[in-house]
Amino acid sequence: KQWYQRRVAITAGEGVNMRDKQFIKNAKLKVQSHMKDKTGIKVAYPDSTGNSGTTTTGNVARRLLYEKDVRELLLELIENEGRRDMMRVIMVRTAVVLRVVSSSRKMTEAKVEELEAFCKETYRLLLESFP
């Protein structure tokens, strides 16, 4: 849901009117259709196994973050070039963090501190870019 809110540059929550909700719904449908048509990836569809949740599993999220071509297809939906560029940076940084966290390699204390600073900077960029 946050992706669609970012896509339409509004924040959901208290005060969101019916027009905004319809706008978010339409943006979600546009993202779903675009990604399914271009890549075959089903993003944020209800889970067909009968469990709660959506089709956006860890494997789908990894493809969206790790595969540059797939990531660029998603990013092209952001019309504002500055926001698109910043989201690209955030997505790449998020992919780096996920790869490091899921690695079985041991990290030195210095590397842990470096990762912590990297995560904080990524968080700062996210907050500044999408308040």
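**Group meeting: helices, core and a pocket**

Good morning. Of the 131 residues in this protein, 29% are buried, where buried means under 20% relative accessible area, exposed means over 50%, and partly exposed lies in between, with a 1.4 Å probe and protein chains only. The model is predicted, with local features requiring pLDDT of at least 70 and side-chain atom pairs counting only at pLDDT 80 or more, while totals for chains, interfaces and linings use all residues. Residues are numbered from 1 along each chain as its sequence is written, and side-chain values use heavy atoms, leaving out hydrogens and water.

Let me begin with the fold. The protein contains six helices and zero strands; these elements are DSSP runs numbered from the N terminus, H or I of at least four residues for helices and E of at least two for strands.

The largest nonpolar core holds 19 residues, and M35, I41, V43, L64, L74, M87 and M91 touch the most other members. Such a core is a set of buried Ala, Val, Leu, Ile, Met, Phe, Trp, Tyr and Cys residues joined through side-chain atoms within 4.5 Å. At least two of its residues come from each of α2 (18-39), α3 (58-66), α4 (68-75) and α5, and α5 gives the most, with four.

I turn now to the second largest pocket, with a volume of about 220 Å³. A pocket is an open set of points on a 1 Å grid over the protein atoms alone, where a 1.4 Å probe fits, with protein on both sides within 12 Å along at least five of seven lines; lining residues have an atom within 4 Å of a point. The volume is the space filled by probe spheres set on the points, which are joined across faces, edges and corners. Among the lining residues are V96, R105, E114 and F118. Two or more residues of this lining come from each of α5 (81-101) and α6 (109-129), and α6 gives the most, with four.

Which helix holds F118? F118 is found in α6. F118 is partly exposed, with a relative accessible area of 24%. R93 lies over the face of F118, 3.9 Å from the ring centre; a charge sits over a ring if NZ of Lys or CZ of Arg is within 6 Å of the ring centre and within 35 degrees of the ring normal. The two residues are 25 apart along the chain, and their C-alpha atoms are separated by 8.1 Å. In another such contact, the charged end of R99 sits over the ring of Y66, 3.9 Å from its centre. Thank you.
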